[in-house]
Every structure is written in structure tokens, then in C-alpha cells.
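The sequence and coordinates come first, followed by the analysis.

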Amino acid sequence: MTQWFLGIFVLLISLWYLTFLATRLDRLHHRVETSWANLDVLLQKRAAVALEIAHSDIADPASSLLLTGAAYQARDANIASRSAAESGLSGALGLLLEDSEHLSTAADNALLTELSSLTDKIRVAIAIHTDAVTRTQMVRSKIIVKLFRLAGTAPLPVTYEFESDVL
Amino acid sequence: MLNRSLKIGIVCPYSWDTPGGVQNHIRDLAEYLIQAGHQVSVLAPVMDEEKLPYYVVSAGKPISIPYNGAVARVLFGPVAFSRVRQWISNGEFDLLHLHEPAIPSISLLACWAAEGPMVGTFHAAAKRQKIIFAIGPILEPAIEKLSARIAVSEAARLTLTDHLDTDAIVIPNGIYASRYHNGIPDKKWQGNTIGFIGRFEEPRKGLSVLLAALPVIARFAPDVKVFVAGPGDPTDVEKSIDPQLRHRFEFLGKISEQEKANFMSSVSIYVAPNTGGESFGIILAEALAGGACVVASDIPAFDDLLGQGQFGALFKSEDSTDLAKVIIDLLRDEKKRSELATAGRARGQSFDWEIVAQQIYSVYEMSIVGSEKVKLASDTRTWNRFLSKDEK
């Protein structure tokens, strides 16, 4: 009799643990998605601001061309080439900002402050996203998770390689 | 860009009515956010419920436990858990900001009970402890629910990566820099003077290091005076001072914020000889903002805050000979002193709440997605039911 109870008890505990792990994993997947959505919006915004800068007086014709190209690439890139395209845009913006600091007027400054506040936010968003991804990968590498297929059909999130220093 | 009014719930792990860095930080942050037009509710353990600000909600009376080399007044247990859950479900918060969620406290309970946008701030800096192997697996799933983690200093971030294997964004503690900016130099504190502020009875504040260095300093600068401010009873300390040097010391007791500002802009050198246990060093930030020339021990937090010596001089921690040397050099070199003070003042500005709160708010924005609100977690529902039955 006692053995039966013990068996049921152990079964219940392990069932609870499995559901617990599954919710944990579900939450992590949710976090990966939302943090990516956040980051995506910010990057799109940055590309838009970059275009505006390209059309303003801050940029000389040559860098304007460079910037416009990079911004369009970043906007149109598919998932696989997104990272490279965004890095390209960072580089183009960095080049421009490096020597434009002293010649910008008050009106252009508004654009530049917007860009720098966006960059700050992007940095935070990247940190949050990368963390969510590594956490998820960690939990999904557990044997129990693999054995019981707790992750279901959700694709394994991939680390998005950003240059650690955006601008 | 504080443009959308949010409902923010902040959880303070330590007793609201005992003075402490975390509590001050939360109070200032809450008041800043309220001023910026947000609705803020702070949940904290409270000893005396009578003199509470309107935004603080009591979670019950705290208990004292030894933690990290000091006594922490925290709160946990089933009753506290149900209060936390009640606060969360009544609050309808857009975001929860949990402070120090890795210690047994209502912050951890809130982290356990809630689901949705959550930000955690880690204040403590401690050496790696063995116990983490035991509690790590319990903490991890809870800490994992935080959408973003903030560490108040590089030291706190390292503690976090060491202990829980996760990274954090470093955002320093805030000060109201403008309050310290306009200190009026006071004649009685000027000259060859050294300032010290803190609870000097606590050994880790390091007043004894300064005491040991004084005989040497007095030999080179005979007119040196030391002003010690801060709460505490000076009789014991006074007894330990060499009688010949006793008149060089003056104990000022607890001083007001305005006096503090004047103090910082008057003394030649401000000394922070802390021997450890410090994670940020808010008083150093205040001293820098007040335009003092700062000398501090080279513990990680101070080293970081002073930019490895760029914004203030460093000496080898607990080494009174080195301290004496650094102080004597600076007392003799007025140019270097004013250089350090000028660099320090600019550095102090970067800890102003205007800047710090903006950074914290960016993290809030990143954590809030759509209009999702904080709610009770689904995976503890069974546990919740079990608990509420238990209480009756």
C-alpha cells in the first residue's frame, strides 16, 4: 500500500516538475520573441533616422550616398543578412558622426540627439535580447527538455551577432 | 522622453524605516518618477506604519537576519507571500521593479509570484560564496523571469555573473547633483582639512585606517584638522586616538544635506577609507558633485567610480602608510587638488537623477511590450491555492 502511495507521489512530483519546466520554457520563448520585436522596431527607426540624416545638411553628398545605401540595405535585409547590414549602417553612421560634431547646426542637432537616444535604447534592447536567447538555449540543452520534447515545435533561437559597440 | 504615464510597482527588500543605500535609492527614484507623472507604489517591510509616505505600502514587520556581513531587516514567509500577491493583483502594474531579488525577501517572493514586465536591480557586491551551488537552481528560474537586470556598479555586475551566470546593464545609483553643486565654502572647515562622512563606528567604513595614518600626516602638515561627520557615539573612537592628536579631530555628528554640500566644497580633501562591502559608494558621488578632492581606498567599487584615479586619488586599501603618503602629496600640491576636484565635479554630474532616471526609464520602456500588464504567474497557482487555504 505504502509503495503505491509513494509511487503516485513521485509521479505527481515529476509531472509537476515537467509542467513547471514547460511553463518556464514557454515564458522564455515569449521573451525571446518580444525582445526581438522591440529590437526590430528600434532598428527600423534607426534606419529611418539615418535616411533623414542622409537627406539633411549634415551629410556631404558622398557620405549621404553611403548612408542611404546602408539604410536601405538594413531595412530590406532578410533575417540571415540582417546582422551584417545593421553593422554596415552602424559603421556608416559612425564615420559620419566622427567628423560632423563641430559643423552641425541647431536644427541638425535635433536629429543627432534623436539618433544618440535611439542608440542608447538599442544597446539596452540588444542586451535584453541576447540574454533571453542565451537563457533559452541553456534551458533547452537540458536532457529532460530534449527527452520530453518540452520545447514543442518552437524553433531554437539563434544568437544575433551584433557588433558589441553600436556607434 | 518620459511621455507615457505608467503604473510602476517597486519592491524594497529592506525595512523602509532603517537608513540604507537601497532604501534611499528607491525613495529618490520613486519621488523622481512621481514627479515625472507616473503612478508609483512601493511595497516594503515597515516597522512603524505611522510616518509612511503615501506611496509606500506596508508588507508587514521585518525580521532581522545576518546577511553579507551585516544585519539585514527583511521579510518573507507565507503571510508576506500572500500580501505580495494581493499587492500585485490589486495594483494592475505596467511594470514591476524589484530591488535585490536574489536575497530571501519580498523582492524574491514578488519575482516568484508575478509574471509580465519585470526589471530587477542588483545592489550588492560580494565574493563568490559556496552556498550558491545549493540555492542557484532555486533562484535561477525566478531570476530568469526578469526581462532586464540592472547592476548599480561594475562590481555588482561581476557578482551577478559569478553567482547566477547572467549579465546585467550597469546603471549607477543616482544623486541630486544640483543640491551639491552650490555648496557655500565655510571658513571653519577650510585650510589643511580632511573630511570624513559615514557611520564611523562600523569597522568597514575604515576610520581606523585614517586614524593610523594621522600621526604621519601631522608630522608633515602640523596644522591639519580632521572633521568626522555622521551618526554615532564618538567617545570610544576618541579614546583610541593618541592624546596629542586628539585636538586635531572634531566630531560633527549627523549633518543636514545643506551642511553636507557646504562641507564637501570646504574641505581640502575628502577621504573614503572603506575597507570593503561597498558596492557603489553614493557618498563618493556626492563628494565629487560637491567639488571635493577625493581620496579613496582602491576597493573595486571606488576604483570604478573614480575612473581608476582619473577623478580622485586612490590608495591601497587598509594601508595607512599609503594613505598618509597620498594625503601629504595632495595637501602640498594645490594645483593637483583643484585639477582632481574639477575632473571629479564633472564626473559627479553624470550621477545626477536626471541622467540616471532616464537610463532606468529606457530599460523600463524596453521591458514593456505592448499593453501587457503584470499579473500573477500561472505556474504558482496551485501553490497559491494551497497557501491561501493554509492561512485560514
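## Contact between the chains

Two residues are taken to be in contact if their C-beta atoms, placed from the backbone, lie within 7 Å. Helices (H or I, at least four residues) and strands (E, at least two) are DSSP runs, numbered from the N terminus.

## Basis of the model

The model is predicted: local features require pLDDT of at least 70 and side-chain atom pairs count only at pLDDT 80 or more, whereas totals for chains, interfaces and linings use all residues. Residues are numbered from 1 along each chain as its sequence is written, while chains are lettered from A and ligands numbered from 1 in the order in which they are written.

## Chain A

Chain A contains five helices and zero strands, and its pattern along the sequence is α-α-α-α-α. Of its 167 residues, 29% count as buried. A residue is buried if 20 or more other C-beta atoms lie within 10 Å of its own, exposed if 12 or fewer, and partly exposed in between, with C-beta atoms placed from the backbone. Among contacts in chain A between residues at least 6 apart in sequence, 75% link residues at least 24 apart.

An unreviewed UniProt entry lists residues 6-23 of chain A as "transmembrane region"; such annotations may be inferred rather than shown by experiment. In the model, this span is 100% helix and 0% strand, and its end C-alpha atoms lie 26 Å apart.

## Domains of chain B

The domain assignment divides chain B into domain 1 (7-174 + 352-391) and domain 2 (177-349); the bounds come from an automatic or database domain assignment. The centres of the two domains of chain B, taken over C-alpha atoms, are 33 Å apart. Their contact draws on 13 residues from domain 1 of chain B and nine residues from domain 2 of chain B.

On the side of domain 1 of chain B that touches domain 2 of chain B, helix α5 (residues 154-164) of chain B gives the most, with three residues. That side has six nonpolar, five polar and two charged residues.

## Strand β6 of chain B

All five residues of strand β6 (residues 95-99) of chain B are buried. Both faces of β6(B) are covered, with B:Leu95, B:His97 and B:His99 on one side and B:Leu96 and B:Leu98 on the other.

Strand β1 (residues 7-11) of chain B runs parallel to β6(B), joined by four bridges; strand β8 (residues 118-122) of chain B is likewise parallel to β6(B), with four bridges. Strands pair if DSSP finds at least two bridges between them. B:His97 is the bridge partner of B:Ile10 and stands opposite B:Val119 in β8(B).

B:Val295 belongs to strand β15 (residues 293-297) of chain B. Why does B:Val295 count as buried? B:Val295 is buried because 25 other C-beta atoms lie within 10 Å.

Leaving aside neighbours within four places in sequence, B:Val295 is in contact with B:Ile269, B:Val271, B:Gly312, B:Ala313, B:Phe315, B:Val326, B:Ile327 and B:Leu330. The C-alpha atoms of B:Val295 and B:Phe311, 16 residues apart along the chain, are separated by 9.5 Å.

Terms used. Nonpolar A, V, L, I, M, F, W, Y, C, P; charged D, E, K, R; others polar.
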